[in-house]
Amino acid sequence: MHVPKKRSPAWVLILSIITCGIYYLYWVYATSKDVDEFLGESDIPPIVHVLLFLVTGSLYGYFWDFIIGQKIVKMQRKVGLPEKDNTLICIGLDILLMASLF
């Protein structure tokens, strides 16, 4: 079983700021790839997620948060952890972040 690499949220934020968002796109790719490999799924290739981010801007982020949130619940179930679905919290934080930028 492939164990996803742990990535610090603080470092993701710092590196994303330093690289003007390029690291964030890498993080989306790497996270999508790790989660799919862990679950043995390949419904949407990770590069497609990145391309959709580039084409739609942050709008695709809401959908990606939903997809990844549901997959994290599957990961928790797979390893026998109590299921904790934070999908709506992530989407809510996206909405607050976008609202604060305007």
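Helices here are DSSP runs of H or I with at least four residues, numbered from the N terminus. In this predicted model, the largest share of the lining of the largest pocket, nine residues, is supplied by helix α4.

**The largest pocket**

- The largest pocket holds about 1,300 Å³ of space.
- Its lining is made up of 38 residues, and those nearest the pocket centre are Val-12, Tyr-24, Trp-27, Trp-64 and Asp-65.
- Two or more lining residues come from each of α1 (9-18), α2 (22-39), α3 (46-56), α4 (59-79) and α5 (87-101).
- By residue class, the lining comprises 22 nonpolar, nine polar and seven charged residues.

**Helix α2**

- Helix α2 contains 18 residues, and its first and last C-alpha atoms are 26 Å apart, close to the 26 Å expected at 1.5 Å a residue.
- Gly-40 follows α2 and has a positive phi, near 70 degrees.

**Helix α4**

- The 21 residues of α4 should span 30 Å at 1.5 Å a residue, and the end C-alpha atoms lie 31 Å apart, so the two values agree.
- Buried positions in α4 include Tyr-60, Gly-61, Trp-64, Asp-65, Ile-67 and Ile-68.
- Also buried in α4 are Gly-69, Lys-71, Val-73, Met-75 and Gln-76.
- Trp-64 and Asp-65, both buried in α4, are among the residues that lie nearest the centre of the largest pocket.
- Gly-80 follows α4, and its phi is positive, near 85 degrees.

**His-49 in helix α3**

- His-49 belongs to helix α3.
- The relative accessibility of His-49 is 1%, and the residue therefore counts as buried, the cut-off being under 20%.
- Apart from neighbours within four places in sequence, His-49 contacts Val-28, Ser-32, Ile-44, Tyr-60, Trp-64 and Ile-67.

**Tyr-62 in helix α4**

- Tyr-62 is located in helix α4.
- Its relative accessible area is 24%, so Tyr-62 is classed as partly exposed.
- When neighbours within four places in sequence are set aside, Tyr-62 is in contact with Ile-91, Asp-94, Ile-95 and Met-98.
- The C-alpha atoms of Tyr-62 and Leu-93 are 9.9 Å apart in space, with the two residues separated by 31 residues in sequence.

**Cysteines**

- Zero disulfides are found in a search of the whole structure.
- Cys-20 occupies the loop between α1 and α2.
- With 72% relative accessibility, Cys-20 counts as exposed, since the threshold for that class is over 50%.
- Although Cys-20 is not a glycine, its phi is positive, about 55 degrees.
- Cys-90, with 34% relative accessibility, counts as partly exposed.

Key:
Residues numbered from 1 in each chain as written. Predicted model: local features only at pLDDT ≥ 70, side-chain atom pairs only at ≥ 80, totals over all residues. Heavy atoms only, no water. 1 Å grid on protein atoms, 1.4 Å probe; cavity = no way out; pocket = protein on both sides within 12 Å on 5 of 7 lines; lining within 4 Å. Points joined across faces, edges and corners; volume = space filled by probe spheres on them. Nonpolar A, V, L, I, M, F, W, Y, C, P; charged D, E, K, R; others polar. Expected span 1.5 Å × (residues − 1). Disulfide = S-S within 2.5 Å. Buried < 20%, exposed > 50% of the residue type's maximum accessible area, 1.4 Å probe, protein only. Contact = heavy atoms within 4.5 Å.
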